[in-house]
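This report describes a predicted model. The sequence and structure are shown first, and the description follows.

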Number of protein chains: 2
Amino acid sequence: MKIDDRKYMILQAIIDDYIMTAVPVGSRTISRKSGVGFSPATIRNEMSDLEELGYLDQPHTSAGRIPSAKAYRLYVDQLMKHTELNEEDTRRIQEHLNKRTAQVEEVIRQAAMVLSDMTRYTAVVSGPTAKEITIKRLQLVPVTDSAALLIIVTSTGMLKEKLIPVPEGADADQLYGLSKLLTESMAGKSLSEAREQLGNFGTKLGQHRELMSSVIDVLDNQLDGDASTPLMVGGRSNLLSYPEYSDVEKARSFLAVLESREKLGTLLRGNGVEFTVRIGPEIDIPEFADCSVVTASYHIGKDTTGTMGIIGPTRMDYARVMSVLNYMGKAISDLLSGDRE
Amino acid sequence: MKIDDRKYMILQAIIDDYIMTAVPVGSRTISRKSGVGFSPATIRNEMSDLEELGYLDQPHTSAGRIPSAKAYRLYVDQLMKHTELNEEDTRRIQEHLNKRTAQVEEVIRQAAMVLSDMTRYTAVVSGPTAKEITIKRLQLVPVTDSAALLIIVTSTGMLKEKLIPVPEGADADQLYGLSKLLTESMAGKSLSEAREQLGNFGTKLGQHRELMSSVIDVLDNQLDGDASTPLMVGGRSNLLSYPEYSDVEKARSFLAVLESREKLGTLLRGNGVEFTVRIGPEIDIPEFADCSVVTASYHIGKDTTGTMGIIGPTRMDYARVMSVLNYMGKAISDLLSGDRE
DNA sequence: TGTTAGCACTCTCACGAGTCGAGTGCTAAC
DNA sequence: GTTAGCACTCGACTCGTGAGAGTGCTAACA
């Protein structure tokens, strides 16, 4: 069976209506719509075809039809009209991001909040991670007699810091000297190169061996970037407004997934692609079987990227979500790049 | 009307039962309990009295009774048996906290997760804040040509750091020199004293005026400690398992409150008291009218404290919650103090 | 005087029957 | 190819009924 223009048109009308109402769409509803010049009976025939083709489902005989995951896929790929974000919304984003907080965590949190507020879905934003980080500077700042803060400044301007033990009695100037030494030998190296070099370096330094092993620990930890990347979620409660989640048990298990950093991580893993739309079963988390996830990336410099995701019901307003994400991606990129360059 | 021992006993039995089942308790149920030697009829008379005294409510004529907020208050203050945490649970806490992460944020997050897991309620944990912070050291670490990280090391070993702009071309050694200068003149001062002094100091330094005003900005920001304290929530989804939240709208507005840092802050504000129990209407957040909040403090050194809170239904298992919080308070105090001394 | 058995009463909850309405599929006519 | 007509289906809602749990009251008992 061929799928002709009229079928596309009807399918689009059904999806548009269902996105708005969440109520199965009947033939009369479509027929009444302006621009459709056919009677309910004709629509019914087409709908029957579309069902056979797998684009529509019927909850029960005497209800209307609802779009299948396959239909949403088609919708996102072909039918949907991409729009630009209107001026009011862009202003709103700028307003919320313009507080020069400079701290990545804070920006990420703000972004998650604004995204969820504007879409009325749930938003997840991850902090930036670099593919190829090289070290620019290592510095030790004394904190107590026996502990110092190790700060790693990277080529991308990103920072990692961690408290590590140092030999008692080391004073600020000594630590500064050591920092200079470390910086000189480490500058320009990637984290893993640095880690290796530090192994040799440490044995030479003798007395500082303990210190070095602490530094290595930190590097190891940072190499496993996932665990240390900030991850902010906004609008957890939003989804509960939709009839899809009128069942508390469903809502509960949905929220439980949001509490797992690990699962959120897989959700955001964007394969480096700029935009990703995953619909219902395409996400391999059973609790999200009737959710869709749209992700987008933002960039700082050449090779530092972060990901933002919007989680909503499969019948989400894809066009709006994508335009919001698109604009937000640029906004965050600008904001964070500006601070670091 | 006097409230005698038997009334206390019956009230306790009713509360204990209701905490377990969330179902209105009838006279027969109490009568059947071992240790109660009275017929349902006698119990009924006592229950009728307790209702008149305001300790029991009746959802409708032919249902059992449920404890009122007043009853829970009495329960917490007098009736409840305080218990020690059993060995298995203490081991579990130690296990989860023992990963020497050293980073406050991570410890706080872990604590929130363990607390919520162990109680099956929702947990909120705030980072430590000091009443009387004095500055021990200020240090600038170059990050890019025109930005540096300002690190404030305080008397309590706590750290605040923030990225600030610096004049272009300032190299690492210059910044280190400046750091030494700043540290010398600021050491031992409180944040607000430092802020004031910096005003004068800055005008003298001429060329560094801009830099100084950035430093002042940071201090101002840190003085308003609330905004910068980390705040972690665990087990958001837990409460949805309870019949109290079988209504989605209720669940939604509950979760919405959890998304507001501000409201969470007021929830935790413990007035410096070691333990706080607030029951239903005693919390002045309408969405929490049938919740209770139990908070406890942990301590680092003499004057640095943080707060942990458990949010559950009013019929929560207060005895368990308090014993878990009690132990966790000690555990966190030990963990964080150990790292910093 | 305190305790208990007995009993009528109340109210919720679960169940089933009946009705309504939205929507379908099919057929026949245009 | 399109449409009107019609019988049919199925969920949502309403109403009535009966069971069950629990109460309050009264009268009897120790």
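## Lys263 of chain B

Helix 12 of chain B, residues 261–268, contains Lys263(B). With a relative accessible area of 36%, Lys263(B) is partly exposed. Once its neighbours within four places in sequence are left aside, Lys263(B) is in contact with Val257(B) and Ile285(B). Thr144(B) stands 119 residues from Lys263(B) in sequence, and the C-alpha atoms of the two are 37 Å apart in space.

Lys7(B) belongs to helix 1 of chain B, which spans residues 5–21. This lysine is buried, and its relative accessible area is 5%. The side chain of Lys7(B) is joined to that of Asp49(B) by a polar contact of 3.4 Å.

Asp89(B) is located in helix 5 of chain B, residues 87–97. Asp89(B) is likewise buried, at a relative accessible area of 7%, a value that falls under the 20% limit for a buried residue. Apart from neighbours within four places in sequence, Asp89(B) is in contact with Met118(B) and Arg320(B).

## Helix 5 of chain A

Helix 5 of chain A covers residues 87–97, and its buried residues are Asp89(A), Thr90(A), Ile93(A) and Leu97(A). These four lie on the same side of helix 5 of chain A because they cover an arc of only 100 degrees around the axis. An α-helix has 3.6 residues a turn, so residues three or four places apart point the same way.

On the face of helix 5 of chain A turned away from the buried side are the exposed residues Glu87(A), Glu88(A) and Glu95(A). At the start of this helix, a side-chain oxygen of Asn86(A) comes to within 3.0 Å of the backbone nitrogen of Glu88(A).

## Interface between chains A and B

The contact between the two protein chains involves 46 residues of chain B and 45 residues of chain A. The size of an interface is often given as the accessible area lost when the parts come together. Chain B and chain A bury about 3900 Å² between them, and carbon and sulfur atoms account for 56% of it. Of the area that chain B buries against chain A, 14% is supplied by Tyr176(B), Val248(B) and Glu259(B), more than by any other three residues.

## Surroundings of DNA strand C

There are 21 residues around DNA strand C, and those that come nearest are Ser27(A), Arg6(B), Thr42(B), Thr61(B) and Ser62(B). Of the atoms of DNA strand C that come within 4 Å of the protein, 70% belong to sugar and phosphate. The surface near DNA strand C is made up of four nonpolar, 13 polar and four charged residues. Helix 3 (40–52) of chain A and helix 3 (40–52) of chain B each supply at least two residues of this surface. The largest share, four residues, comes from helix 3 of chain B.

Individual atom pairs involve phosphate, sugar or linking, and base oxygens of DNA strand C. An N or O atom in the side chain of Ser27(A) is 2.6 Å from a phosphate oxygen of DNA strand C.

## Surroundings of DNA strand D

DNA strand D is surrounded by 21 residues, of which Arg6(A), Thr42(A), Thr61(A), Ser62(A) and Ser27(B) are the closest. Sugar or phosphate provides 72% of the atoms of DNA strand D within 4 Å of the protein, and bases provide the rest. The surface near DNA strand D consists of four nonpolar, 13 polar and four charged residues.

A phosphate oxygen of DNA strand D is 2.7 Å from an N or O atom in the side chain of Ser27(B). A polar backbone atom of Ser39(A) is 3.2 Å from a phosphate oxygen of DNA strand D. A base oxygen of DNA strand D lies 2.9 Å from a polar side-chain atom of Ser62(A). Helix 3 of chain A and helix 3 of chain B are the elements that give two or more residues to the surface near DNA strand D. Helix 3 of chain A gives the most, with four residues.

Methods:
Residues are numbered from 1 along each chain as its sequence is written. Chains are lettered from A and ligands numbered from 1 in the order in which they are written. This is a predicted model: local features need pLDDT of at least 70, side-chain atom pairs count only at pLDDT 80 or more; totals for chains, interfaces and linings use all residues. Side-chain values use heavy atoms; hydrogens and water are left out. A residue is near a molecule or strand if one of its heavy atoms lies within 4 Å of it. A polar contact is a pair of N or O atoms within 3.5 Å; within protein, one must be able to donate a hydrogen and the other to accept it, and residues adjacent in sequence count only if both atoms are side-chain atoms. Ala, Val, Leu, Ile, Met, Phe, Trp, Tyr, Cys and Pro count as nonpolar, Asp, Glu, Lys and Arg as charged, and the others, Gly among them, as polar. Buried means under 20% relative accessible area, exposed over 50%, partly exposed in between (1.4 Å probe, protein chains only). The arc is that of the directions from the helix axis to the C-beta atoms. Contact means heavy atoms within 4.5 Å. Buried area is the accessible area (1.4 Å probe) that two parts lose on being put together, summed over both.
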